[in-house]
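Welcome! Please take a moment to look over the sequence and the 3D structure before reading on.

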Amino acid sequence: MAAPVDDMFSRCVDPAKASNCVEVRFIDNIKGKGLFAKRSFKKGDTIFIEQPLVSSQFLWNASYKYRACEYCLRALETAEENARRLSGLPALSLPHPELCKVRPDRHQACPQCQVMYCGTECRQAAWEQYHKVLCLGPSHDDPDHPVNKLQDAWKSVHYPPETSSIMIMARMVATIKQAQDKGRWQRLFNHFCSRTANEEEEIVHKLLGEKFKGQLALLRNLFSTALYEDRLSQWFSPEGFRSLFSLVGTNGQGIGTSSLSQWVHACDALELPSQQREQLDAFIDQLYKDIDKETGDFLNCEGSGLFLLQSSCNHSCVPNTEASFPDNNFLLHLSALSDISPGEEICISYLDCCQRDRSRHSRHKILR
């Protein structure tokens, strides 16, 4: 069941502008649909900015103290806190601390379960979309709560480097449970591409490994105990759960946020006398060496999300666009990597965005 075209642009920051820039077309029965330019773009142009239908931080990433907003995934550590933790240097002081955009004084906790948000707006948005259903209240740290058991089971079968999260599926169910217009949300989620049974098994196998059938059955039982909803009974059947699992595994777009990366980019933009520039560059290069020694490649708050319009992009080994998250939150910016002509298909690389950003971030001194 395809989503109406106007729905395709509904999560864009500027839907009218996006609909004037690109269009979704059916290509053929093999490739399905694709995204095409309606006007020309220059290299570096932002084609559209989109918010996900749902998103979630990876569970192991959160367990390893990568603190992110429960709604928009904005990094909650200041750049200095982030640098100290990643480098293992608790006394480290960053120059130009005013360039850090994280504002801890604006952070808000859910009054019931104490999960953290970057501000009142995100806390309210989460509450209105899905958190009424998923809030654990005083049971937040209770290992026997059905949602906690589901998360623990997921962590036991899907280790870093993470590529998906069971909580994307949980938030899909919770969103429909809470929604006044349940049909609209179901229509939006049904938009994402479906797969054959064999393809679904391959995707599940890739995510869970050799014992995927038994693990999938365990996850389905826990998922049903925690979240069962009559209206969505098809998602809780063995075949429906496998399809839902495959949907998230296929369409989930990696999201990476980092207050330290934002601070570094702000430092790069400073206009400084040559000696001060050399000193700052040397400090940052040494910081990355210290981080590489202590932490390795895992530098970001990482998660994934379902993006309606971006999901229409097909893969290319030589993509003409790239997804990035320069606002340090879940807003996806699709930008041109080369000049694009009207009528040209817009393609991305399906290499996980977190992997690309992680390697780019960790090789910063080489790219400077």
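This is a predicted model: local features need pLDDT of at least 70, side-chain atom pairs count only at pLDDT 80 or more; totals for chains, interfaces and linings use all residues.

The chain has 368 residues, and 50% of them are buried. Its folded elements are 16 helices and 12 strands.

**The chain as a whole**
- Among the contacts with a separation of 6 or more, 72% are between residues 24 or more positions apart.

**A pair of strands**
- In a regular strand, side chains alternate between the two faces of the sheet.
- Strand E10 covers residues 321-324; Thr-321 and Ala-323 are on its covered face, while Glu-322 and Ser-324 are on the uncovered one.
- E10 runs antiparallel to strand E11 (residues 332-336), and four bridges join the two.
- Across from Ser-324 you will find His-333, which belongs to E11.

**The cysteines**
- A disulfide is a covalent bond between the sulfur atoms of two cysteines.
- How many disulfides does the structure hold? The number is zero.
- Cys-12 is in no disulfide, and the nearest cysteine sulfur, that of Cys-21, is 9.5 Å away.
- Cys-12 has a relative accessible area of 6%, so it counts as buried, the cut-off being under 20%.
- Cys-69 is in no disulfide either: the nearest cysteine sulfur belongs to Cys-118 and is 3.8 Å away, whereas a disulfide needs the sulfur atoms within 2.5 Å.
- Cys-69 is buried too, with a relative accessible area of 1%.

Technical notes: Residues are numbered from 1 along each chain as its sequence is written. Side-chain values use heavy atoms; hydrogens and water are left out. Buried means under 20% relative accessible area, exposed over 50%, partly exposed in between (1.4 Å probe, protein chains only). Two strands pair if DSSP finds at least two bridges between them. Contact means heavy atoms within 4.5 Å.
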